[in-house]
Amino acid sequence: MYLGDKTLINYHIFFILQYVLATLFFYYSFSRLEIKIFSLVLLIPVCIAGVINSVYFQKAHTYPSNFALISHSLFLLYSLLLYIQMINSPIKLNLFKQSIFWSATAFLVFPVLMLSSIGLYNYFERHKLDETYIYMLFYIANYIFYILLGAALWFDRK
Amino acid sequence: MRRSPEQAEIYLLFFLGIFVFSCLVGFIIYFIFVYRNKQLKNDREKDQMVAQYHQELLKTRIEIQEQTLKHISDEIHDNIGQVLSFIKLNLSQAKNLDSGQKQEKIDESRELISHVIVDLRNLSHSLSFEHIVKHGLPETIKNDVQTLQNTGAYDIDFIISGQHYSLDQRIELVLYRIFQEAINNIIKHSKAKHLKISLQYFPEMFNLTVEDDGLGFNAGEILKNCEGNGLKNIRNRASLIGASMDVNSSPNEGCQITISLNPSGNSQVNDNEAIPSGSG
């Protein structure tokens, strides 16, 4: 995904930062020690892979899709683990009032939309098609993600 | 009108996108459905647990009542009744005696009546259910230890350590019943001479330990084969209040039963019903 001369360094930094913060969120949300350790142990090599990708493979003018693929696949895995954890130990509170449900949904929907968008973008770019709708898809994915996270924060405060 | 291969691919992608999105929504709906079912199942299990808890509590109270009534009946029959009969005999003999001997019989009868009064007072104290609600677990166990020691059959060390704190009344009642069950086992089976009963009040843990130097048994085997009603009862009751039971025993080496309970996280069932006070 090469986007011309425009620098995309902010994406490179933001994606790594997003991965670190999301991993920390999952680390504190998981109750099983093995999964906690797994998420924490994976943090450093994935971040190193992200830096290597930014320095050698997808440099500043390229969208860091390789790192996005890895990090979003992990978000997908973590959110599914979070769903399993919720199923295994349900609480009395209404599901829609549980912040963990909204967080898990955010981290399920967002990676699916992002991974689909990246795939579609690559396809559109290869076939020289108009990419406007794909950009829209990126925006929609982000809006949905932040709305769901907002809901999670709101229910968490209640 | 024929579609170009690229157009067909775009349609394919479009339908693939719809499929992925439908799967996503379907998964979330399925999750909500499964979670709701789990919640309902959990609620049912909790209700069952509450019902079982109340049933066991009721059973415990009835057992304590029965034991107390039996104790009262035995005491009246074997002790108070006998002494009163003796007093009656004394007084009926007195009418045919001279004044000196009469006075002697009256003094003897007065002495015996004093004994009966003391025995009746002790009997009143032993109305355990009332006693445990009013005076708490340590005092009630102390009372029982005293009664047991008065029989002369056992040499008992009773130790309370740590800073005493009150447990929930229902938990104290179940703990007392566990103590009674352990003592009953000792009296029936152990042929012990020396007992050690301790209550340990640690901030994070409460321990009730009953130890004897009797015949002992193979603890692992008995617990594994679910033999021994007494031990089974103790284990069930301990789990009812969220406590754990530890049995250390081997043949000819006595037995030690320890009930450990976290005072802050005690009962599995948490409701606010208090034990109605009333005599045993």
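A residue counts as partly exposed when its relative accessible area lies between the 20% limit for buried and the 50% limit for exposed. In this predicted model, Asp43(B) is partly exposed because its relative accessibility is 26%. Asp43(B) forms a salt bridge with Lys92(A), and the closest N and O atoms are 3.5 Å apart. Since Asp43(B) belongs to helix H1 of chain B and Lys92(A) to the loop between helix H3 (65-88) and H4 of chain A, the pair joins two chains. Lys92(A) is exposed, at 65% relative accessible area.

Over all chains, six salt bridges were counted. Another of these pairs Glu181(B) with Arg237(B), at 3.6 Å between the closest N and O atoms. Glu181(B) is in helix H4 (residues 169-190) of chain B and Arg237(B) in helix H6 (residues 229-240) of chain B, 56 residues apart. Both count as buried: Glu181(B) has 10% relative accessibility, and Arg237(B) has 2%. Shared partners place Arg177(B), Glu181(B) and Arg237(B) in one salt-bridge network.

The second largest pocket holds about 550 Å³ of space. Two or more lining residues each come from helix H4 (99-126) and helix H5 (132-157) of chain A and from helix H1 (5-94) of chain B. H1(B) supplies the largest share, eight residues. Of the 18 lining residues, those nearest the centre are Leu120(A), Leu137(A), Leu13(B), Phe14(B) and Gly17(B). The lining comprises 16 nonpolar residues, two polar residues and no charged ones.

Tyr56(A) lies in helix H2 (residues 33-57) of chain A and is exposed, at 59% relative accessibility.

Definitions and conventions: Residues numbered from 1 in each chain as written. Chains lettered and ligands numbered in written order. Predicted model: local features only at pLDDT ≥ 70, side-chain atom pairs only at ≥ 80, totals over all residues. Heavy atoms only, no water. Helix = DSSP H or I, 4+ residues; strand = E, 2+ residues; numbered from the N terminus. Buried < 20%, exposed > 50% of the residue type's maximum accessible area, 1.4 Å probe, protein only. 1 Å grid on protein atoms, 1.4 Å probe; cavity = no way out; pocket = protein on both sides within 12 Å on 5 of 7 lines; lining within 4 Å. Points joined across faces, edges and corners; volume = space filled by probe spheres on them. Nonpolar A, V, L, I, M, F, W, Y, C, P; charged D, E, K, R; others polar. Salt bridge = Lys/Arg side-chain N within 4 Å of Asp/Glu carboxyl O.
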